[in-house]
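Please have the sequence and the structure at hand.

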Amino acid sequence: MNQLPALPMPFADAALSHTVPAEEHDLVSLDSILEPGPVANALDGLLRRWGPGDRRAAASLWTQGYFGRLLRPVIAYGLVHDIWFSMTLSDVQVGLSDMATPVRFVLKRAAPAPLSAQLRGIVEDNVRPLIVRMAKVTATSERVHWSNASFAFCRARRQVHDLWSQEAMPADVAARLRETEALRAAEHPLFRLTQTVLDAAGGACLQRKVCCIRYKLDGLKKCGTACPINASTFCRQ
């Protein structure tokens, strides 16, 4: 199996492969766990760990964890190394946690294509169909799951941007970041529900436009500067 190049901090926790190792018998297809039974088991696990609380909040936490673990390294590989992956639900293999949530991903490389096409594939092959199915199975709003995807994507892009000073950034990485910035201006769905605001110290922070409602689980709090509830407490426009 070919090895992927290492990702720099803060992505060093990511362990993605682009082929499925034969010895990893605990992997299942993402498509197979987006059914009522497996999703219910995962929500039960999340409620045992972080509840009691609102089951809809557990559903949001499922996609918050999913997009945070999957999209961050996928975007980092794409922006830093120009390596992209097939994101169709049937192509994504996952390893599950003891809560039955996806925490490890094994992916296949995608065919070469322009960056805009790769991001469109992420949305149309993975983000949108997963959100439609999760919202239907859990009776939750699609918008809260889109917010989770948008925040994970914008966080990854921001972390790549901050890896280098403007003068030291490799030219190809800078070009890909500029292209994503153009997509932001075009109201790309992965940007739409996250905004950059000034924090109390005059720096910039990412903030959701839609609350992830994680605070409705007794074991969790609001997500600091990212939370849009009482946003003026943390950030200002």
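The model is predicted: local features need pLDDT of at least 70, side-chain atom pairs count only at pLDDT 80 or more, and totals for chains, interfaces and linings use all residues. Residues are numbered from 1 along each chain as its sequence is written, and side-chain values use heavy atoms, with hydrogens and water left out.

**Helix 4**
- Helix 4 spans residues 115-138; helices (H or I, at least four residues) and strands (E, at least two) are DSSP runs numbered from the N terminus.
- Its 24 residues reach 33 Å from first to last C-alpha, close to the 34 Å expected at 1.5 Å a residue (1.5 Å times one less than the number of residues).
- A kink of about 35 degrees is centred on Val123, the bend being the angle between axes fitted to the seven residues ending at a residue and the seven starting there.

**Cis peptide bonds**
- Met9 to Pro10 is a cis peptide bond with omega near 10 degrees, and Pro10 lies in the segment before strand 1 (28-29).
- Gly51 to Pro52 is also cis, with omega near 5 degrees; Pro52 belongs to the loop between helix 2 (36-50) and helix 3 (55-81).

**Positive phi outside glycine**
- Ala139 follows helix 4 and has a positive phi of about 55 degrees.
- Ala139 is exposed, at 64% relative accessible area (buried is under 20%, exposed over 50%, partly exposed in between; 1.4 Å probe, protein chains only).
- Glu187, in the loop between helix 6 (171-185) and strand 4 (194-199), has phi near 65 degrees and is partly exposed at 45%.
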